[in-house]
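Hi everyone, thanks for making time today.

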Amino acid sequence: MTQGSGAGTAQDAALRPHEPAILAHGLPLLDAKLGPKLEDFVVEELPLYPASGSGEHLYAQVEKRGMTTPQMVRAVSRAAGVEERDVGYAGLKDKHAVTTQWLSLPVKARPLSEWRLPEGVRVLESTRHGNKLRTGHLLGNRFRIRLISLEPDGLERARAIAAFIAEQGLLNYFGGQRFGRDGDSLRQALDWLRAGACLHGAPRFLLKLYPSVLQAEVFNRYLSLRRARELARLIPGEVVRLEGTGSMFVVEDVTREQPRYDAGDLHLTGPIFGPKTRPAAAEGAELEAAARAALALSDEQAQTLARQAPGTRRDLRVKVGEISVERVEVDRLELAFALPSGSYATEVVRQFTGGAFLIEDRERGGEA
């Protein structure tokens, strides 16, 4: 994968995030779009575990409107008189939306009665727990999303697409917002890596963002390559996950494992590449190498990234829970569904509308 720096820069300028195809449901897409109001995109975080009601950490369920999670955390930390780094949260939520999520604050935080929060932020509920919230400590998110400018027969078509998704699941692509406006975050991440992965006083969240952008790009490309090999059939050397567990293994005997896969006991995974990623073999390893090759990383750059991004694996397909479609006005409908942690609501919406992958005029997140 070695690439000279000059050639790499030229390639980066032309490299755009890989755009996933729409699910092959064979149904006509809706001539509709996301509504423009904050209330048209509502997100409710589903906690991984209930708070115990006791412990040194204050847990606050916070609603925010029209701001990012880091902006909200900054406002809460000031109101509570604590450092931003002491505020725990499980994941990022959409900016152009109404969202609720849980935060944890240390014992030294001011009482809630003394908080002075800005417009657009309010505490809905509070309790206590014994540990700080960490990234990933969520089961998923529940969404209510309104589509507008719907044609007369749109409701029936939307329900047919919803039924297909409920049966087949969602291909677990990272949404276009992971890559920034017009894909700029991918180019910025490559520039950052080429410069030695130093940010010189830039916000700390970029140290997490840039490695994750590069990992997401490789995963999306791998998923499309794997999809081209027919997802209904296992391939030698790929890594699968056992149903109901985090246990994974490499498929050595396709004939032996195929019946277990058909029965739903095994799930396909793709690489979130890094030194701790469970390695594939044979054809699986070849596909993963082909996905990484698009970034044209030198050996030195790959080693630098490995120090920042330990790696894991991610399911290629996820279940969309409790999906429903209801008409709320003559020309608009509401989609309701739940997604597991790390999956993107905007990818669900694309299955209905075929909308653009990279979105410039909206700051939706949609990641569970």
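Let's start with Q301, which sits in helix α8, residues 299-308; helices here are DSSP runs of H or I with at least four residues, numbered from the N terminus. This is a predicted model, where local features need pLDDT of at least 70, side-chain atom pairs count only at pLDDT 80 or more, and totals for chains, interfaces and linings use all residues. Residues are numbered from 1 along each chain as its sequence is written, and side-chain values use heavy atoms, leaving out hydrogens and water.

Is Q301 buried or exposed? Q301 is buried because its relative accessibility is 12%, and buried means under 20% relative accessible area with a 1.4 Å probe, protein chains only. Leaving aside neighbours within four places in sequence, Q301 is in contact (heavy atoms within 4.5 Å) with L193, R194 and A296.

That brings us to helix α4, residues 184-194, whose axis comes within 9 Å of that of α8 and crosses it at roughly 105°. Axes are lines fitted to C-alpha atoms over the stretch in contact, with angles from 0 to 180 degrees between N-to-C directions. So α4 and α8 are roughly perpendicular, the word for 65 to 115 degrees. On the α4 side the contact is made by W192, L193 and R194, and on the α8 side by Q301, T304, L305 and Q308.

Finally, the cores: sets of buried Ala, Val, Leu, Ile, Met, Phe, Trp, Tyr and Cys residues joined through side-chain atoms within 4.5 Å. In the largest nonpolar core, with 71 residues, F337 and F352 touch the most other members. Helix α5, residues 205-228, gives the most to this core, with 9 residues. Another core lies apart from it, with 16 residues, among them V62 and L105.

Notes
Helix = DSSP H or I, 4+ residues; strand = E, 2+ residues; numbered from the N terminus. Buried < 20%, exposed > 50% of the residue type's maximum accessible area, 1.4 Å probe, protein only. Parallel < 35°, antiparallel > 145°, perpendicular 65-115°, else oblique.
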